[in-house]
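Subject: Structure handover

Hello,

The structure we talked about is below. Please load it and read the notes alongside.

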Amino acid sequence: MKKLLLATTATALMAGAAFADGHAKDVKIGIILGFTGPLESLAQQMAGGAEAAIKEVSESGMLLDGATVTGIRADSTCVDAAAATSAAERLVTSDKVNAIMGADCSGVTGAILSNVALANGTVMISPSATSPGLSTAEDNGLFFRTAPSDARQGVVMTEVLMEEGIKSVALTYTNNDYGKGLADAFQSAYEAAGGTVTISAAHEDGKADYSAEVGALASAGGDRLVVAGYVDQGGSGIVRAALDSGAFDTFHFPDGMISDKLVENFGAEINGSTGQNPGTDSPGAQKYQELIGDAFNATSPFSAESYDAAALIMLAMQAAGSSDSSALKDKVMDVANAPGEKIYPGELAKALELLKAGTDIDYVGASAVELIGAGESAGNYRQVTFTDGALEVVKYR
């Protein structure tokens with residue numbers, strides 16, 4: 001009996017030491033996205049991407065000597081900072097997640113970062129929060145994003161419109177951090193290139209009638225209406241009011257509007273319109289689509305970036321030899337960038353094995369990941385047009 005007790009005590013001490021080193025057998029990753037709200041039509045595909053990476057790693061048994069990884073969903077709502085903060089607090093304090101994949105929209109992401117992540121020392125990697133303001137937010141090295149800043153998107157939008165011969169636009173944006181940041185970045189780049197913004201006007205989400213807003217936009221005029229909004233709320237409301245009144249018949253859509261839902265809502269009514277969202281035609285993008293198959297639409301905006309965000313969290317854990325955010329935060333940039341063996345979707349087990357052996361990796365992933373500056377994507381975009389009632393990818397930038 002004495003020997004049994006000693007053995008049991010030794011086993012418990014060994015287990016305790018493993019947990020102290022961050023080698024917990026159960027790793028939890030929070031997945032906080034707007035499952036309700038103005039981008040809910042994108043959230044399922046984004047969560048699906050993150051969960052595909054989590055499943056791949058967990059089933060490999062290679063993370064931290066056999067850890068099981070579980071994704072835990074929470075609703076950011078996209079727009080309600082208080083609700084998003086409460087949801088994130090539950091993930092950290094009740095669910096005890098090791099890190100967070102998310103959030104999605106810039107305002108709620110900033111709120112979670114300042115109110116939850118900083119206070120608890122929790123790593124966040126957002127796949128889609130694009131406000132330029134997040135580049136300089138206080139983060140203690142805890143915040144990263146696999147999506148590029150809208151400072152880059154403003155330039156890409158300008159290039160697309162100028163190549164289309166669009167020299168004047170009316171601009172409306174959702175009245176929050178994302179909308180204002182993108183509108184400012186675009187207007188600055190567009191005017192520097194010789195274009196004219198006839199009006200830059202905010203709109204609120206959730207209204208039943210946007211005729212007044214569209215009336216002001218129509219009075220200012222422009223060759224095209226730029227709608228920097230959300231496809232599931234105000235953005236589509238603006239487009240519907242513009243079409244019904246005849247104020248505009250072609251539009252330019254940034255990333256918050258690019259979705260299967262946009263085509264479902266308007267079909268051929270928006271033929272001739274243009275847009276862009278983060279995306280790449282890299283080998284990793286094709287491998288990701290093959291990996292997902294018909295489980296969901298792998299080309300949906302920010303789905304690839306979500307796979308990559310979750311993958312980077314787990315690869316950084318392996319590089320750090322710990323699931324603790326305090327350790328893994330220092331390895332995210334290392335695993336994301338050269339030098340090292342390039343890693344693509346479906347190769348996470350291989351990456352974990354290389355890292356365990358002390359070999360450097362360069363995670364390319366599904367979205368051609370290259371983290372710069374404050375830990376954000378350098379930025380690749382797919383340019384789209386709407387033809388015959390369908391979204392068509394024209395080129396990549």
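Throughout, contact means heavy atoms within 4.5 Å. This is a predicted model, in which local features need pLDDT of at least 70, side-chain atom pairs count only at pLDDT 80 or more, and totals for chains, interfaces and linings use all residues. Residues are numbered from 1 along each chain as its sequence is written, and side-chain values use heavy atoms, without hydrogens or water.

H203 comes up for discussion here. Leaving aside neighbours within four places in sequence, H203 is in contact with T172, Y173, T174, N175, Y210, E213, A228, G229, G234, G235 and I238. H203 lies in strand β7 (residues 196-203). Helices (H or I, at least four residues) and strands (E, at least two) are DSSP runs, numbered from the N terminus. H203 is buried, at 1% relative accessible area. Buried means under 20% of that area, exposed over 50%, partly exposed in between (1.4 Å probe, protein chains only). The H203 side chain also makes a polar contact with the side chain of T172, at 2.7 Å. A polar contact is a pair of N or O atoms within 3.5 Å; within protein, one must be able to donate a hydrogen and the other to accept it, and residues adjacent in sequence count only if both atoms are side-chain atoms.

Now the core. The largest nonpolar core has 115 residues, and F251 and F253 have the most contacts inside it. Helix α11 (residues 303-320) gives the most to this core, with 11 residues. Such a core is a set of buried Ala, Val, Leu, Ile, Met, Phe, Trp, Tyr and Cys residues joined through side-chain atoms within 4.5 Å.

Next, the strands. Strand β9 (residues 251-253) runs parallel to β10, joined by 2 bridges. Two strands pair if DSSP finds at least two bridges between them. F253 stands opposite G275 in β10. From β9 the chain crosses through helix α9 (residues 260-266) to β10, and this β-α-β crossover is right-handed. Right-handed means that, with the strands pointing away from the viewer, the path from the first strand over the helix to the second runs clockwise.

Strand β10 (residues 274-278) has 5 of its 5 residues buried, so it is largely enclosed by the rest of the structure. β10 also pairs with strand β15 (residues 381-387), antiparallel, over 5 bridges. There, Q276 has Q383 as its bridge partner.

Best wishes
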